[in-house]
Structure formats: structure tokens, C-alpha cells
Amino acid sequence: MATEQRPFRLVVVGASGFTGQFVTEEVAREQEAPGRSSRLPWAVAGRSREKLQGVLERAALKLGRPTLSSEVGIIICDVSNPASLDEMAKQATVVLNCVGPYRFYGEPIVKACIENGTSCIDISGEPQFLELMQLKYHEKAAEKGVYIIGSSGFDSIPADLGVIYTRNKMNGTLTAMESFLTIHSGPEGLCIHDGTWKSAIYSFGNQSTLRKLRNASNLKPVPFIGPKLKRRWPVSYCRELNRYSVPFLGSDVSVVKRTQRYLHENLGESPIDASSFTLTFFGQGYSKCLGTDQKKPNMKICTQVKGPEAGYVATSIAMVQAAMTLLNDVSDLPKAGGVFTPGAAFSRTKLIDRLNQRGIEFSVISSSEV
Ligand SMILES: NC(=O)c1ccc[n+]([C@@H]2O[C@H](COP(=O)([O-])OP(=O)(O)OC[C@H]3O[C@@H](n4cnc5c(N)ncnc54)[C@H](OP(=O)(O)O)[C@@H]3O)[C@@H](O)[C@H]2O)c1
């Protein structure tokens, strides 16, 4: 990672977008965080100076920081102009890339960052993009010693770090895991099974799992989000699940966006402030004295990650804390650089502590030997 002095520690590219505005405000909060001893020079970047100025003015108003606009740099760059991206990347230690959809706009920014020795974080939830970047750029990033870390928003920091947290909290070896996402919005709750359809059908057809989940997340009705079920599944399961299900088409749109559209259409306008999420993990494994070659696991653990509204508030907190981890926990990152998922990059860092301090809270609900 860049060790020479650069004008900006962080640069938010795509700051003029809907998510970019949240990320900009979150960097401004981080700049003033209690206990922050060193300066955090930063900039916003995009193709319209006017829009970027507007973003800073709105952030200044919201945070009550009238001088904010004069403290933050502005860089003009366009994804279709590689030289402008090089100029932007040269000025940053870490780029926070909010320009999406990433499969259309993502690659030129990754390329410019690697060529200019700059680390880059994005909030993509697009598997094709993530995998392509890993295949094409991992070695180049490692040669340059930079970290390119995709999916560092709500997709997939709570999920990745939740698995790592559960593994670390288990007094033994974690061998199996299932997770459930609940989006709370006013009195209603939504539950999204985060796994294969086969395991969703198994779990939701299983009344005891449903009961456990409801108890753990204090949830009443559990509508189920996912594509309309296919006929080939057993009729009784389909009937039960379709009672709770909302049909959606297309697999590459992020679950969060689909959930928000569902909330908007079915529950009316849902203010971002009234929304929150809970991600519940049920893990199984073997205690230290029992080898993993035994037939049945003898340990169970339930953990949760809770946080504010998923799509924008939790996403901006996760992205900014991932960037702060890149800046500050250098010795705990993978030795060489490369293109990583959040779990692979941050498993040994203090990211979970940082998230806890910013309201994305990790906790153990229960842990027992059976
Ligand atoms: N994983 C998660 O949890 C999560 C959560 C939220 C969002 N996201 C993702 O974040 C991305 C952004 O979402 P959004 O809702 O904020 O989108 P948006 O409001 O459309 O913002 C897009 C941003 O990209 C900029 N842009 C577009 N074309 C550009 C170009 N040629 N050069 C430079 N900048 C360009 C836009 O600049 P202009 O203002 O100049 O048009 C704008 O700042 C999407 O891919 C979305 O899926 C992920």
C-alpha cells in the first residue's frame, strides 16, 4: 500500500450518487470521531464539480459543520477518461468507490488504482464483477502491494465478519453454519434466508427453526423474500413458503434493493431511520476435546449482528470502517496485497471492534455443548 505522503488518505469516488452522499457524511463523522489523533485529509471525486459541492453543502448542513466544504478536496474524474482516473488515484491512499453498477463502471477504477499503487474498496453486490476482478487483477495487485476489496457494504461485511466472529467465539471447531437476515421496518419484519433454495425450504419447512428464529429476533410475521418457488419442490413446502413469499425475477439485483422495493410497495414509505437489520447465525461444531472425525457435532452457537438501516446507513458505516482498517491495521492484513473478499482481508484486523463502536453490533446469543 502507498507509503509515501499523498494529499488525501481517503477519496470517495461517486460521491454525488445516492449512496455516495451517505458515504461522504460518514467520512465526515469519522474525521471528527472521539479519540481520533491524526488528521484525516480526504476528498470527494466525480464528474461534476457542482454536484460534488452540493454533496458537501448538504453534509455540512446535516452534520452542523459549516466549514466542511472548505476542509474537503474535490477531484474531477470520469470513468470513461483513464487519465483522469490515474490523476485521482495518485492523490489517494485508499479509494472508496461508489460508482455503480460495477459491471459497467467498476473495472477502470480498479485498474487505475492498481497502476498507481492505491488501495480500493467498493460496495458491489455483483458476483460476476467481483470474480472477474479477482481473476484479472489479483496478481497485479499483489505485485504492487495494494488491496482491492469488493463487497464492503451491507453486502458482505456483516455476513463475512459475522461468520468470523462466530468461529472465534466458538469454544471448539465450527463446521456448519446457517444464517438468517431480518429487515425490521416499523411493526413488520421480513426474513430472508441467506443460503441455497434447498436449505431455505428445509429450514422454513421446519417449524422448530422458524420458532428459534422468531424467538432470537423477536419477530412476528415472517414474509419470505425470494423468487417464486418452482413446482419441482414438494407441494407442502411450497404451499407453506408461498404463504410468506414475494415473487421476484432476476438473480443479479441485490437482495437489499428488492427488499426495499417490497417494503416501499407493501408497507408504504419506510423512513430510513425507522429501519434496521438483524443477521442471525446458527453454528454447529466440535468441542476442543472431541475430534471433527466424530459423527455428530457436540457444540451449538447462536450469534447476531445488528445494525441500522441496511442499504445505505449500515453500508456507509461498513465501507468507511473497512477503509479505516486498511489505513490503520496494516500489519494484520494479508501479507501481500491482492483482490480479496472482506472476510479474507479483514479476518485478523480490528474491524469488528470498529463496527461495534459505530453501531453495527456483534453479540453471542447462546452457546452450548449438547
Ligand atoms: N452492497 C451494498 O450493500 C450496496 C448498498 C448500496 C448501494 N450499492 C451499490 O452502489 C452503487 C451505487 O449505487 P447508488 O444507488 O448510489 O447509484 P447512483 O445514485 O446512480 O450513483 C452513481 C454514481 O456513479 C457516478 N457515475 C456514473 N457514471 C460515471 C462516470 N462515467 N464517471 C464517474 N462517475 C460516474 C454518478 O455520478 P453523477 O452524479 O455524475 O451521475 C453517481 O455519483 C450501485 O452499484 C449499488 O448497487 C451497494
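Which element gives the most to the shell around the ligand?

Reply: Helix α1 gives the most to the shell around the ligand, with three residues. The model is predicted, and its mean pLDDT is 83, with 75% of the residues at 70 or more. Over residues 201–205 the pLDDT is below 50, and it also stays under 50 over residues 216–256. Where pLDDT is low, the predicted coordinates should not be read in detail.

Now the ligand. There are 29 residues around the ligand, and those that come nearest are Ser 16, Gly 17, Thr 19, Gly 100 and Gly 153. Two or more residues of the shell come from each of α1 (18–31), α5 (102–115) and α12 (310–328). By type, the shell holds ten nonpolar, 15 polar and four charged residues.

One of these helices, α5, leads on to the sheet: α5 lies across β1 (8–13), β4 (92–97), β5 (119–122) and β6, and runs at about 160 degrees to β5. The sheet is open and has seven strands, in the order β3-β2-β1-β4-β5-β6-β13, with parallel pairing. β3 (73–76) and β13 (338–340) are at the edges; each has a single partner strand, so one side of each has no neighbour in the sheet. On average, neighbouring strands are turned by 20 degrees against each other, direction ignored.

Conventions
Residues numbered from 1 in each chain as written. Predicted model: local features only at pLDDT ≥ 70, side-chain atom pairs only at ≥ 80, totals over all residues. pLDDT = per-residue confidence, 0-100. Contact = placed C-beta atoms within 7 Å. Near = placed C-beta within 6 Å. Helix = DSSP H or I, 4+ residues; strand = E, 2+ residues; numbered from the N terminus. Nonpolar A, V, L, I, M, F, W, Y, C, P; charged D, E, K, R; others polar. Pairing = 2+ DSSP bridges. Axes fitted to C-alpha atoms, helices over the stretch in contact; angles between N-to-C directions.
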